[in-house]
Structures are given as structure tokens and as C-alpha cells.
Amino acid sequence: MYNVIPQRLSIFITIFIVILWNVLVDYYGGSLSLFLLLLLLAVGLASLRFKFKIHDDHLVYQILLFNKSIIKKEIYPDQINQLKFVRVGWSKKAAIIKVNKGINIRLAMLETPKAYEHLIEFAEKRDITIFKTKDYLILERMK
């Protein structure tokens, strides 16, 4: 099982909390209960975790809140259109699982870099289309 470290999520949560705080303080004033409510919301959003697991016959993507699974998506090879491997930032790899129906899954900054190799092996065994961008190929040659 691999941990997915969402790059953008922490920035969006911080911006959301700051904007929400400013709006609520303008309407209701700066009360202690309002501050505690926003603090509780921030702790809840900060406890979101993302997991990704590669099984022999399918992939599993989970979103956890306080280590309880709130969304679990099993993806079988016939549901996948393409695996796209891209570069994120200066030197990080990412993969996008493009599915037939539903929302594509973005796997940016998997905790173990070998996870991308395992994902490529999974795709090659099941004849899933693999697309690597030029930037991703540069990262592969560098390592």
C-alpha cells in the first residue's frame, strides 16, 4: 500500500480556512465558539489521507478521514483507458489513471518512488495504454 501525498490539498485547505474565517468574522464577529468551530474543521480537513494499492487483478484508491475509509474505489483493467505519467514540479513524478466513466485519479507524489514502476508493470501485464510525457522521460533518465 502506498501513501499519496496530495500536493495541492494543503494549500487549498489553508486558503479555504483563511477565507472562511474572514467571511464569518465579518458577519458574526470574532467569537471563541466560531474560532473553535473553524479549528475543528481545519483539523478534520488536515486528517484526510489518501492510499493507493496495487493488487494482482485491480487497483484500489482510498480516501481516509481519521483513518476511516470514506471513499474506496476499486479500478479494474477494463475500466482504464490510459495511464499517463507526468512530471510535477522540478523533480517529482505523477501518474494519472484515466478511467472510462467517472473522475480520473491523479497519483502525485507517491510515497515510494518504486510505486510508479509497479504501476507500469501492472499496465504492461494487462495491456493498458501507457503514455509518458517528455518531462517524465527526462526524470526517468536522470535516476
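The model is a predicted one, so local features were taken only at pLDDT of at least 70 and side-chain atom pairs only at pLDDT 80 or more, while totals for chains, interfaces and linings use all residues. Residues are numbered from 1 along each chain as its sequence is written, and side-chain values rest on heavy atoms, with hydrogens and water left out.

Back to the loop. Phenylalanine 66 has a phi near 55°, a positive value in a residue other than glycine. Asparagine 67 lies in the loop between S3 and S4 too, and its phi is also positive, at about 60°, although asparagine 67 is not a glycine. As for accessibility, phenylalanine 66 counts as exposed at 51% relative accessibility, and asparagine 67 is exposed with a relative accessible area of 64%. The cut-offs are under 20% relative accessible area for buried, over 50% for exposed and in between for partly exposed (1.4 Å probe, protein chains only).

Next come the helices. Helix H1 (residues 9–28) and helix H2 (residues 32–46) have axes that come within 11 Å and cross at roughly 165°; the axes are lines fitted to C-alpha atoms over the stretch in contact, with angles running from 0 to 180 degrees between N-to-C directions. The crossing of H1 and H2 is right-handed, the near helix being turned clockwise from the far one by less than a right angle. On the H1 side the contact (heavy atoms within 4.5 Å) is made by Ile13, Phe16, Ile17, Leu20, Trp21, Leu24 and Val25. H2 brings in Leu34, Phe35, Leu38, Leu41, Ala42, Leu45 and Ala46. Sorted by class, the contact of H1 with H2 has 14 nonpolar residues, with no polar and no charged ones. Nonpolar covers Ala, Val, Leu, Ile, Met, Phe, Trp, Tyr, Cys and Pro, charged covers Asp, Glu, Lys and Arg, and the others, Gly among them, are polar.

Over in the strands, isoleucine 97 belongs to S6 (residues 92–99) and leucine 83 to S5 (residues 80–88). Isoleucine 97 is buried, at 0% relative accessible area, and leucine 83 is buried at 0% as well. Though 14 residues apart along the chain, their C-alpha atoms are separated by 4.9 Å. Leaving aside neighbours within four places in sequence, isoleucine 97 has contacts that include Phe52, Leu59, Ile80, Leu83 and Leu107. On the same terms, leucine 83 touches residues including Ile96, Ile97, Leu119, Ala123 and Phe131. Leucine 36, by contrast, is 47 residues from leucine 83 in sequence and 43 Å away in space, C-alpha to C-alpha. Isoleucine 96 lies in S6, and between isoleucine 96 and leucine 107, eleven residues apart in sequence, the C-alpha distance is 6.0 Å.

Finally, the structure holds one salt bridge, meaning a side-chain nitrogen of Lys or Arg within 4 Å of a carboxyl oxygen of Asp or Glu. Glutamate 140 and lysine 132 form it, with the closest N and O atoms 3.0 Å apart. Glutamate 140 is partly exposed at 28% relative accessibility, and lysine 132 is partly exposed at a relative accessible area of 25%.

Technical notes
Helix = DSSP H or I, 4+ residues; strand = E, 2+ residues; numbered from the N terminus.
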